[in-house]
Amino acid sequence: MSYDSSPSPVAPTSTSRLWTVGISIAIAVGVLLGLAFVHPQIAGWLVGGAVVVAGSAWLLNAQSPAPAPTPTPEGAPADGATDPVTADLLDRVFESLDDPVLIVSGGEPDDIAGRRIVMANKAARDLLRIHRQGALLVQVIREPGVLEAVDEALFGDVSRTTDYTTGGQRDRRWRAWTRPLSTEAAEGRDPLALVVLRDETAARRTEMMRVDFLANASHELRTPLASLSGFIETLKGHARDDAAARDRFLDIMSAQADRMGRLVADLLSLSRIELNEHIPPSGRVDLDRAAADVVDAVSILTQAKQIVVALDRGETRASINGDRDEILQVVQNLLDNAVKYSPAGGTVEISVRSDLSFDEAWSSRMPGATRLPLVTPDRAAGVLYAAVTVRDHGPGMAREHLPRLTERFYRVEGQKSGERQGTGLGLAIVKHIVNRHEGGLVVESAPGLGAAFTAWFPMVVERRDVRAAS
């Protein structure tokens, strides 16, 4: 409520005061009732709050017209000052809500630019990067379904719930509730609508994780289960007394059981990573040290296959923002694939580079090969990247296979599952980890030239000293 700034201020009349307070109370009650639809678990509290606010306002204003104002000492609160129950308290409640909440005014029905944000709580301001009031709705929310629902609430007195997905490298799933805030006291003024947004990404990912896990488990576990069942029946039948056949069948059954264990472990790992893919990591990892740790961890495997791993850690510390366990998983999966497809006595090369621009991180490492991005981050000005490249000198892959490498269980034609151990989920896991870290993934390969995979991640924004030679 405001006063005319003339030399002799005149207090507002009782009628105008009641009319103004009535609009404020109606909006407050409308917000509480609208939130009751969005949060059914606390609907009783919100509806009760609306009743208390309305009752308090009625008691405070159900009186005869106020007499002429009397002068008040300087600094003392003026008579008729805003009641803290209906203003300050409600404003604090509005600001403390976790879900983004907007109150939108309508303007003219055919004027799309007339939809303006009258109020926005802190969660909405942080999400949409707007001020508390005055922003154009079409500038901060571009989803046609939500804009249409807002118009229906403003001019059709219709409540709606709208699901939509935001773009970008990591998609987010949102649900928008729109409710009309029409009041009889606001006749002749722009209509108002309440918009509440809720991030449904985690819930949707959990749902999809269950569906995908069941589908993948039922599909991929069927073969080893059938194999185990067949061998068990054979051992119980005519091979019961055949020692040589029994030992051979038990070895096969053991291998199939190990494969089932790896499948379940990789499926659980992939589901967990997908579930948290929209949450940026908060840790710090030295990519060069992570690569060195992985090389040490697989040294027994590489020695058994007589494969030499040549590691180039670079000259500076490659510190990135990330989850150490997931970064180790990226490097290990890439190295496992390189060792798996390298001939005995071959060489696998690992190089780590830092302080790269976007174009430098994306540049070719393998001249003469086909290069294809599997994950591409959003460009950001001034961001430097650290990259790890793993190259083998195996059979390589034809161009048509490269786009599908990160699909679950995809295998290059002609490579049977029994020829090389693996679950077909390694590169799918790498893709989702890289995506969570806002990084990039590139593959380069050609038949007879081997393959090179490069994963690159944003570096920590700080001064990076040259590492002492170790």
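**View 1. Val-309 is bridged to Val-348, its partner in β9.** Strand β9 spans residues 347–356 and pairs with β7 in the parallel sense over five bridges. Strands (E, at least two residues) and helices (H or I, at least four residues) are DSSP runs, numbered from the N terminus, and two strands pair if DSSP finds at least two bridges between them. The model is predicted: local features need pLDDT of at least 70, side-chain atom pairs count only at pLDDT 80 or more, and totals for chains, interfaces and linings use all residues. Residues are numbered from 1 along each chain as its sequence is written, and side-chain values use heavy atoms, with hydrogens and water left out.

**View 2. An open sheet of six strands runs in the order β7-β9-β11-β13-β12-β10.** The pairing in this sheet is mixed. The edges are held by β7 (308–312) and β10 (370–375), each with a single partner strand, so one side of each has no neighbour in the sheet. From one strand to the next the twist averages 15°; angles run from 0 to 180 degrees between N-to-C directions, and axes are lines fitted to C-alpha atoms, for helices over the stretch in contact. Helix α14 packs on the sheet and touches β10, β12 (440–446) and β13 (450–458), where contact means heavy atoms within 4.5 Å. The direction of α14 makes about 145° with that of β12.

**View 3. Helix α12 (residues 324–340) packs with helix α14 (residues 426–436).** Their axes are 9 Å apart, at an angle of about 145°. The crossing of α12 and α14 is left-handed, that is, the near helix is turned anticlockwise from the far one by less than a right angle, whereas clockwise would be right-handed. On the α12 side, Glu-326, Gln-329, Val-330, Asn-333, Leu-334 and Asn-337 make the contact; on the α14 side, Gly-426, Leu-427, Ile-429, Val-430, Ile-433 and Arg-436 do. These residues comprise six nonpolar, four polar and two charged. Ala, Val, Leu, Ile, Met, Phe, Trp, Tyr, Cys and Pro count as nonpolar, Asp, Glu, Lys and Arg as charged, and the others, Gly among them, as polar.

**View 4. Helix α10 (residues 287–297) crosses α12 at roughly 55°.** The two axes come within 9 Å. The angle makes α10 oblique to α12; angles under 35 degrees count as roughly parallel, over 145 as roughly antiparallel, 65 to 115 as roughly perpendicular and the rest as oblique. The crossing of α10 past α12 is right-handed. From α10 the contact takes Leu-287, Ala-290, Ala-291, Asp-293, Val-294 and Val-295, and from α12 it takes Arg-324, Ile-327, Leu-328, Val-331, Gln-332 and Leu-335. Nine of the residues in the contact of α10 with α12 are nonpolar, one is polar and two are charged.

**View 5. Helices α8 (residues 222–236) and α9 (residues 243–275) cross at roughly 155°.** Their axes come within 9 Å, and the angle makes α8 roughly antiparallel to α9. The crossing of α8 past α9 is left-handed. Residues of α8 in the contact include Pro-224, Leu-228, Phe-231 and Leu-235, and those of α9 include Arg-246, Phe-249, Met-253 and Met-260. The whole contact of α8 with α9 divides into eleven nonpolar residues, three polar and one charged.

View 6. Strand β1 (residues 101–105) pairs with β2 over four bridges; Leu-102 has Ala-120 of β2 as its bridge partner.

**View 7. A salt bridge joins the side chains of Arg-115 and Asp-151.** The N to O distance is 2.6 Å. A salt bridge is a side-chain nitrogen of Lys or Arg within 4 Å of a carboxyl oxygen of Asp or Glu, and by this rule the count comes to 14. Arg-115 lies in the loop between β1 and β2 and Asp-151 in helix α6, so the pair ties together parts 36 residues apart in sequence.
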